[in-house]
Amino acid sequence: KIFCEGMRDGIPIALGYLAVSFSLGIAARNAGLTAFQGFLASLLNNASAGEYAAFTLIAANATYLEVAIITLISNARYLLMSCALTQRFAPEHLFHRLIIAYDVTDELIWVAPIRCAPAYLNPFYTYGAIVLAAPAWSVGTALGIMAGNVLPLRVVSALSVALYGMFLAIIIPPARKDKVVAALVAISFALSFAGSYLPVVSSMSSGTRTIILTVVISSAAAILFPRKTEA
């Protein structure tokens, strides 16, 4: 019963994943991935920012090490999310924690506590949501690649813009609420643009520049503007 409830609540998540990952598939297609490779990449790395960063570096002929590092940095937030989520599971659910760690996403980490609060989370509820969400994400990426191979170049270019719209939808709301976030977003754009022209930095690969900028800006923000401890 709990598993079926998770599947029911996972339907809107799966539909959203299908739409977003379709745009991600266009980026994967531009990086030269086949539909199967895109499907496998999304199945093993269910994270839009991490996958987009990886596909961008693959398209730029980055090294394996650069792709691994930027994927780790882009997905580092899931480490914190996993720590927060596992506290909601009963202590004897270690095995279930390891399985659910495969697909800890922004949507799944919130829907489970909301549905199961205030008691311990039932792992089978999350399993039900994952059963629909994970395949939808992978299938959407594969469909995006196949569409990119069939559709005219102009249409593919237009669809590529949808992915940038997705990231704008992610950064604009918090930037409007927090001036610090807004300033950091502006600084990130400015430094990324300047890095393409500065004498020393411009000679680096785009992957290395992205890694350096990500670590420097996020570290500076954490030191200068730490989050206040909530009651």
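This is a predicted model: local features need pLDDT of at least 70, side-chain atom pairs count only at pLDDT 80 or more; totals for chains, interfaces and linings use all residues.
Student: Where does V131 sit, then?

Tutor: V131 is found in helix α8, and because its relative accessibility is 40%, V131 counts as partly exposed.

Student: And F124, is that buried, partly exposed or exposed?

Tutor: F124 has a relative accessibility of 42%, so this residue counts as partly exposed.

Student: Switching to rings: how many aromatic pairs does the structure hold?

Tutor: The structure holds three aromatic pairs. In one of them, Y17 and W137 have ring centres 5.3 Å apart and planes at 75°, which is why the pair counts as edge-to-face.

Student: Which helices do Y17 and W137 lie in?

Tutor: Y17 lies in helix α1 and W137 in helix α8, so this pair ties together parts that are 120 residues apart in sequence.

Student: Are those two buried or exposed?

Tutor: Y17 counts as buried because its relative accessibility is 7%, and W137 likewise counts as buried, with a value of 3%. Among the aromatic pairs there is also the one formed by F124 and Y127, whose ring centres are 5.5 Å apart and whose planes are at 85°, so that pair is edge-to-face.

Student: I've got F124 as partly exposed. What about Y127, buried or exposed?

Tutor: Y127 is buried, because its relative accessible area is 13%, which falls under the 20% cut-off for that class.

Student: New topic, pockets. What volume does the second largest pocket have?

Tutor: The second largest pocket has a volume of about 240 Å³. Its lining consists of 15 residues, and of these N75, Y78, A101, Y102 and V104 lie nearest the centre of the pocket.

Student: Which helix gives the most to that lining?

Tutor: Helix α5, made of residues 77–86, gives the most to the lining of the second largest pocket, contributing three residues.

Note on methods:
Residues are numbered from 1 along each chain as its sequence is written. Side-chain values use heavy atoms; hydrogens and water are left out. Helices (H or I, at least four residues) and strands (E, at least two) are DSSP runs, numbered from the N terminus. Buried means under 20% relative accessible area, exposed over 50%, partly exposed in between (1.4 Å probe, protein chains only). Rings of Phe, Tyr and Trp (its six-membered ring) pair if their centres lie within 6.5 Å; planes under 30 degrees apart count as stacked, over 60 as edge-to-face and the rest as tilted. On a 1 Å grid over the protein atoms alone, a cavity is a set of points where a 1.4 Å probe fits but cannot get out, and a pocket is an open set with protein on both sides within 12 Å along at least five of seven lines; lining residues have an atom within 4 Å of a point. Grid points are joined across faces, edges and corners, and a volume is the space filled by probe spheres set on the points.
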